[in-house]
Structures are given as structure tokens and as C-alpha cells.
Amino acid sequence: MKILIRGGRVIDPASGVDDLLDLFVEDGKIVRIEKSIGGTEPTEAGKGKGSRTAKPAESALNVDRVMDATGLVVCPGLIDMHVHLRQPGREDKETIASGTMAAARGGFTAVCCMPNTEPVNDTRSVTDFILDRAKREGAVQVYPVGAITKGLKGEELAEIGELFEAGCVAISDDGRPVMNAELMRRAMEYAAMFDLPVIQHSEDLHLSGRGVVHEGLVSTELGLRGIPSASEAAMVARDLLLAELTGARLHIAHVSTAESVRLIREAKARGVRVSCEVTPHHVALTEDAIRGFNTHAKMNPPLRSEADRQALLEGLRDGTIDVIATDHAPHTVQEKEREFDLAPYGVIGLETALAVTLTMLVAPGVLSLPQAIAKLTSEPARILNLSKGQIAEGADADLTIFDPNRDWTVDPATFASKSRNTPFAGWRLTGATVATLVGGKVAWEA
Amino acid sequence: MSLGHKDLLGMQELTSDEIRLVLDTAESMKEVARRDIKKVPALRGKTIINLFYEPSTRTRTSFEIAGKWLSADVINVSTSASSVTKGESLKDTGLTLQAMHPNIVVIRHPAAGAAAFLAGRLAASVINAGDGAHEHPSQALLDLFTIREKMGRLEGLKVAIVGDITHSRVARSNIHGMQKMGMEVRVAGPRTMLPCFIERLGVEVFTNLDRAIAEVDVIMMLRLQIERQQAGLFPSLREYSRLFGLTAERMKAAKPDVLIMHPGPINRGVEIAPDVADGPYSLILNQVENGLAVRMALLYLLAGGGQAG
């Protein structure tokens, strides 16, 4: 299969390229990156997606397909390093097939699935199952994240060495923090042998108590139990000290508070090996979204205050925050349609992340387009040691083609995900995926 | 005149005119309640369901009697006897009740927002009889009624609400209601039981009882939930009582004719000393009596009263 992608604005943060270029893809790899491959400029004035019959010069290359990317952006395939695919165990919420299709639709060519499945991904057999399913049914590349502790119980280390051998790219007890500092220290030391990043869901469970939303003005008004910012920041502070102690690589999931950003910024300046991510919903929304007891705005960490949101934007701007990741957390309609206290935490994000990023971060000038793309491609690849996230001759042809100017309205009914729990329903967003190529094959196309 | 809402979910969404309408209507209802024969036909043929997910004696009984005096058919559904224990969702319980065409559903539920959840799914009027720590509007209305009855006005009066403000729906509803009626509200309690940013609701915050009750016209004591001790919010009943219990001795810091209120049930000797609870300035039993009149008014106004007669 040979594909020629013509006339797009190729943005590759890894190499710093941002230019109008043609890409020639053959046998799953990018083989040529040049101006005007085939010798002729595209003559059509039309912009947007679409194939057309190969012209003589193109047929000389034996091209199977020409994709016209005029007016579109072509970038390395987006990588979401934090999703919940729910399989095995909760296939009513999502499966590897549906979750990866949602990813492809959102422009992602790779996802990292968290281990809080049923059973937990704390053994090679579960990792094998996930990778096998992904190979057979997955629309995009799946990189499993293994558990830090057996059963996510926070008591004994999982067989991290074997998880690494089986293909896990990081370890995490996501959804639960490793509360025992001694155990976290040992996990970090142990994971460092394999150069695996340890991803922490940072939360002091004692401080969170039975809280369901951010502890702030809105929790006080609505009478909902609050989770203080210090619950996250206290755990971030502890883990930064442990990363310093062990020299291991720490990645902090879904940072949500100003205090966490400040602590991570200071730690990076000291040379601590720490990275972190933020979700699109935490940069787009605040605690005000829960008014009316909106369970689609219930997630953990909770939506914080406007001051926190501003601190997240600053953290993205100055590079403290490395990655944008969705924490895609599918839940069924009936689970979310109930009393606020009883609804599960989490929202889906794969099919809105790119557009929310473009609309809420790039359009207002918080990040340039290449900076935003870096946080969705080369940065997660770097943290996870993946040979992905770049456009280079010889690299895997994992590519995302999107229209940065197309407006659309979020309609959950059209999602490829099995679930509908988005806080962005009805939002008008700018920027839409046109095509997603995984290993040189079109995984999704508008 | 009628309320401009299908439901009564909280004091936060009522205007001062609407509050005044309820209080004025309650005055005529109180006259009915004091008759020898209390039954009036105002809500004949109307059905009221009391849906209680939390144990309650006074609120449930009060709504039940209020409905019966207005000749409505009142049905009580409580958690232990219902399908709730079989795991039916609030949505399905609501839809099931809706199919029985009630006019009003009175709900008490431990989760904040439960009344609003139900209201969005029912054609019937929903009255929030307490949703978690969120709101308990009929309590605030009966408190306002009781104060107005005693003082002849609400505007310009000062009140101190004392106790566990964080977990109190009574405090939240009263803060909204009292401020709308032009009252000045203070809250007082241990720092561990004062929610963050409470001052942004326009109240003055105290952690010293003597200072909180100085110069106020009304002291409203809240019930202390004993379980809060295990949660680490206060060290012992003894110390709580010493710092925040209202005793005759403490009352010397207050105006001599200060009114004492408590939504009940009281913990005698904990947040309120027996001689204060039973003393001449205590309105605790007036609150209970006025609760009937206020709830009659609410049922009457929400069930389309005025047409029936």
C-alpha cells in the first residue's frame, strides 16, 4: 500500500518541521518527506480531504492512493497516554475495539490503557490478553500500563519485570494512589531497573475522605463533600521527594491544582526526573460546571477553581506540564444518571480532546499549534520510550490529518465510544480529525 | 397568587416576594390549624407522596398532618418498606411514582441534589424536605415564619446560626432565606465545621460563641451529629459543649430578650442546656407548630391551591 499525502501543513514537533510538504507512505513507513513528490504541484484549487485519481507523475510512483491535505494539518499520530478501555471486565462501558475506534476518530493513533480492569492488569496473562485483542480488533496501537501493586491493593508489588517484558510501557495503580510511602519508594526503585516510568494518581485518601467535588465555594453552596487541593498536592510533594531519593522516573497523572503545578515546576528546576499530564477537561472547565448537580462534570481529580485552571494554563505555557492526556473514563448512562454522590467518577475524552485543545488552548494563544501537538505526540512518546510521535523518513506511518478550522458541535450520539459521558455535549468546537493513519493504513476517515 | 415554580427545591431560587407569599399564606393556615375541626377541603382529590430515604419523625409527620388537614390523600413511603432496599434507582422509583399520578412528592434523601434530580423527571411538584447538606427549604420558611410572628418583622434583624455549619442543610437554607428577607446572618462553630468560603455567601464567621451571640436578636442552635467526633471534627462532647453549648451562663453575653431556636431534635446538654431549651425565650415548640402551617401553605400553593377553595 502506497499513499501520497499532498499539500498539507506538516507539523513535526520532534524535528521542528512546520512546512507545506508531501509525505510518501509505503509498507507502513514514511519513506519520503519532500516538497511536491512526483514533480507536479497539486493543480486542484479545492481544499479539504478527499482522494482523486492519480495523475501521471503520481502513477510513476505506483501510488495506490493520493490524499489531498491542502488546508489541513498533518502531524504525528496523537498519543493518549491515559485511557480506560475497560476490557477485560467492563465491556458494557467500553471495549478495546470501541475504545480504539473512538481514539482513531479523535485523531489518536496510540493509547495507553490503565490497569484498573477486571481482572486488574497486574500479570502477564492480562497484558497478553489486551495486546492480543488490540492486535486483532484494535483500530490503533495499544500500549498497556501495568499495575504497581497486585490487585491495585497497595500492599505488594506486582511482577513489574514480567509486565515490562510482556509489553507494559509504564506502571500505575491509576484510580488509586499508592498510599504507603515505603511501598511507593520500592516501586520506584524497582521500576527504575527497567527504566519504566511510575505513573501516580496523586491523592491523599485521608484528606479526600468521602469528598466528591473540589472543596471550594461551589461545594459549600451545594452541600457536597469537598476534596481539598491539598489532597493532590500533598501526594505530589511526597512523590517528588521519593523520586529525588530513588532517582526513578515519576509521571504525575491528571494534575489539577495550582499547588501541584508549583511543586512540579520547582522539582523540575532541581533536576528531579518528573513529568506530568493535564486533561482537556481540567483546562476547559472549573467547579462551576457541577452546578445543577451535573454528574458529567464529576471526575477524580475534581474540576477545580478558576485560579487552578489559570495555573494549569501557565504550566502548559512554561513547559511544566509535558502532556495532554484524556483520562478517557467510560461509564454507562445508567451509572451516571443518578444521585451526584453515587455516580461514578470520570468522563470520556478521546473524541473531543483534539478539538478542545485547539479551541481552548491554541485559539486563545496559550499554546502554539506545534506546542500543542508536541504535548499530544512527541512528549508522551519521550516519557514512555516509544519510537512514535515523529514524522521522519523510516518512521512508522502513524499520522493524524486534521482540519484546524472546521467548526462542529459535540453530539455524543455520534461517538464511536460505547459511552456518552462527556461534559462537552453541545459545545461548539473548532478543529476536526479528517483522517487517522496507523502503520500506513487508514484507521478512520471523515 | 402562586409560586412561580413547579417545585420547591431550595431557598436559593426563591425571591423575597415568593417567601413573603408563603409566610402570608401560612398565617391563614395557622388559623385553620387552631380550629377545633381542622379539616378544610382545599386539596380534596389531590395526592401527596412522602418519599423519605432518611429517618425523620418531625418533618415527615408535619407534611403528613399538613396534607391531611387540607384533605389531600397522603401516602408515606420510607426506605425500609420500599423497593429501595432492592436496589431500585432513584430514577426508576421516580418514574414508578409518576405513573401513579401524584400531585406532590415530598422527598428527603441523604444525597445533595436528589430532590432536583427527581424534579427533573416528574410532572408532579417536588418539595425538597432535605437533600444531604444542601437545602431544607420548608425548615427555613418555618423559621422565618416563627421569627416574623414573634418580632413582627424580619428586615434588619440579626441572627447567629451556631454549630456544624458544614453538614447543615438547615444552615444553608436559612442563610439564603434570611438574607433575602433583609436579615444579617452570622455563623459560628468549630473551625472544623465551617465550610470554606462560607463568608462569600455574605455571612459573618465566628469561632467564639460569646462574640457570635452578642447583639443578635435570634440564636439558632444546630443539632450536633455525635458521629462527627469519630471523623475528627471535635474531640469530645464535653469540650464541644464547653465551647459551643448554649447555657444560661453563656446567654449573659447576648441580649436579654434574645430568641432561641433549634430545628430539632435537640441533644439536651450538648448544644443546648435544658434550662435554655425549656426557657421563656425558647421558640423550639413554636417552630414545630408553625411547621404545620408553613407546610400547609406550601402544599396549598404548589398543588394549585386557589382554584380548589
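A polar contact is a pair of N or O atoms within 3.5 Å; within protein, one must be able to donate a hydrogen and the other to accept it. The structure discussed here is a predicted model.

Q: How many residue pairs are in polar contact across the interface of domain 1 of chain A and domain 2 of chain A?
A: The domain assignment of chain A gives domain 1 as 2-74 + 396-445 and domain 2 as 77-383. Between these two domains the rule finds 0 salt bridges. For polar contacts, with both residues at pLDDT 80 or more, the number of residue pairs is 19.

Q: What is the area buried between domain 1 of chain A and domain 2 of chain A?
A: The C-alpha centres of the two domains lie 28 Å apart. In the contact, 34 residues of domain 1 of chain A meet 47 residues of domain 2 of chain A. Carbon and sulfur atoms give 67% of the buried area, which is about 3,200 Å².

Q: Which strand gives the largest share of the side of domain 1 of chain A that touches domain 2 of chain A?
A: Four strands of chain A each supply at least two residues of this side: β1 (2-12), β16 (399-409), β17 (428-438) and β18 (441-445). The residues of this side divide into 18 nonpolar, 10 polar and 6 charged. The largest share is 8 residues, and these come from β17(A).

Q: Which residue is the bridge partner of Glu277(A) in β15(A)?
A: Chain A holds an open sheet of 8 strands with parallel pairing, in the order β6-β7-β8-β9-β10-β13-β14-β15. Its edge strands, each pairing on one side only, are β6 (78-83) and β15 (323-324). Strand β14 (residues 274-278) pairs with β15(A) in the parallel sense over 2 bridges. In β15(A), the partner of Glu277(A) is Val323(A).

Q: What area do chain B and chain A bury between them?
A: The contact between the chains takes 20 residues from chain B and 15 residues from chain A. Of the area buried between chain B and chain A, 60% is on carbon and sulfur atoms, and the total is about 1,500 Å².

Q: Which residue of chain B meets the side chain of Glu337(A) in a salt bridge?
A: Across the interface of chain B and chain A the rule finds 2 salt bridges. On the side of chain B that touches chain A, α3 (90-98) and α4 (114-119) of chain B are the elements that give two or more residues. That side divides into 12 nonpolar, 4 polar and 4 charged residues. At 3.1 Å, N to O, the side chain that meets Glu337(A) is that of Arg121(B).

Definitions and conventions
Residues are numbered from 1 along each chain as its sequence is written. Chains are lettered from A and ligands numbered from 1 in the order in which they are written. This is a predicted model: local features need pLDDT of at least 70, side-chain atom pairs count only at pLDDT 80 or more; totals for chains, interfaces and linings use all residues. Side-chain values use heavy atoms; hydrogens and water are left out. Two strands pair if DSSP finds at least two bridges between them. Contact means heavy atoms within 4.5 Å. Buried area is the accessible area (1.4 Å probe) that two parts lose on being put together, summed over both. A salt bridge is a side-chain nitrogen of Lys or Arg within 4 Å of a carboxyl oxygen of Asp or Glu. Ala, Val, Leu, Ile, Met, Phe, Trp, Tyr, Cys and Pro count as nonpolar, Asp, Glu, Lys and Arg as charged, and the others, Gly among them, as polar. Domain bounds come from an automatic or database domain assignment. A polar contact is a pair of N or O atoms within 3.5 Å; within protein, one must be able to donate a hydrogen and the other to accept it, and residues adjacent in sequence count only if both atoms are side-chain atoms.
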